[in-house]
Amino acid sequence: MTSAQRDACPHCGWPDRAEPFQVVSRHGTAGGHTVWTRCGCGSLQVRVVDASGMRVLSRSGRG
């Protein structure tokens, strides 16, 4: 797996650093935010946004 593959949706290739298609919910945490988003292909993603930046922790299959 290349870096480009790890930084994009495995189902449609949408870049993780791009704006998500839809923000489903956003929750503040002690260290930042947890953001549930939906990709354009329907994949649900859990993103963490903190002082280190943004990272996708988990994603579902296509919706």
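## Chain layout

The model is a predicted one: local features need pLDDT of at least 70, side-chain atom pairs count only at pLDDT 80 or more, and totals for chains, interfaces and linings use all residues. Residues are numbered from 1 along each chain as its sequence is written, and side-chain values use heavy atoms, with hydrogens and water left out.

Of the 63 residues in the protein chain, 24% are buried. Here buried means under 20% relative accessible area, exposed over 50%, and partly exposed in between (1.4 Å probe, protein chains only). The chain exposes about 4,200 Å², and carbon and sulfur atoms supply 55% of that; the areas come from the Shrake-Rupley method with a 1.4 Å probe, and for residues only the protein chains shown count as cover. As for contacts (heavy atoms within 4.5 Å), take those between residues at least 6 apart in sequence: 24% of them join residues at least 24 apart.

## The sheet

The four strands make an open sheet in the order β1-β2-β3-β4, with antiparallel pairing. β1 and β4 are the edge strands, each pairing on one side only. Neighbouring strands are turned by 25° against each other on average, direction ignored; for that angle, axes are lines fitted to C-alpha atoms (for helices over the stretch in contact), and angles run from 0 to 180 degrees between N-to-C directions. Two strands count as paired if DSSP finds at least two bridges between them. In general, strands of a sheet pair through backbone hydrogen bonds, either parallel or antiparallel.

## Strand by strand

β1 and β2 (residues 32-38) run antiparallel and are joined by six bridges. They form a hairpin with three residues between them. On the β2 side, T34 is the bridge partner of H27, and H33 is the partner of G28.

Moving on, β2 pairs with β3 (residues 44-50), again in the antiparallel sense, over seven bridges. R38 stands opposite L44 in β3. This hairpin has five residues between the strands, and G42 takes a positive phi there, near 105°. β3 and β4 then pair antiparallel over six bridges, in a hairpin with two residues between the strands. V49 has M54 as its bridge partner in β4.

## A look at M54

M54 sits in strand β4 and is buried, at 17% relative accessible area. Setting aside neighbours within four places in sequence, M54 is in contact with D16, R17, R47, V48 and V49. As for V35, it lies 19 residues from M54 along the chain, with 9.7 Å between the two C-alpha atoms.

## Salt bridges

How many salt bridges does a search of the whole structure find? The count is two, taking a salt bridge as a side-chain nitrogen of Lys or Arg within 4 Å of a carboxyl oxygen of Asp or Glu. Side chains of opposite charge can pair when their charged atoms come close.

One of them joins the side chains of D16 and R59, at 2.9 Å from N to O. D16 lies in the loop between α1 (3-6) and β1 (22-28), while R59 is in strand β4 (residues 53-59), so this pair ties together parts that are 43 residues apart in sequence. D16 is buried, with a relative accessible area of 7%, whereas R59 is partly exposed at 24%. Another salt bridge brings together the side chains of R55 and D50, at 3.2 Å from N to O. R55 is partly exposed at 39% relative accessibility, and D50 is partly exposed at 25%.

## Cysteines without disulfides

A search of the whole structure turns up zero disulfides, with a disulfide taken as a pair of cysteine sulfur atoms within 2.5 Å. C39 itself is buried, with a relative accessible area of 3%.
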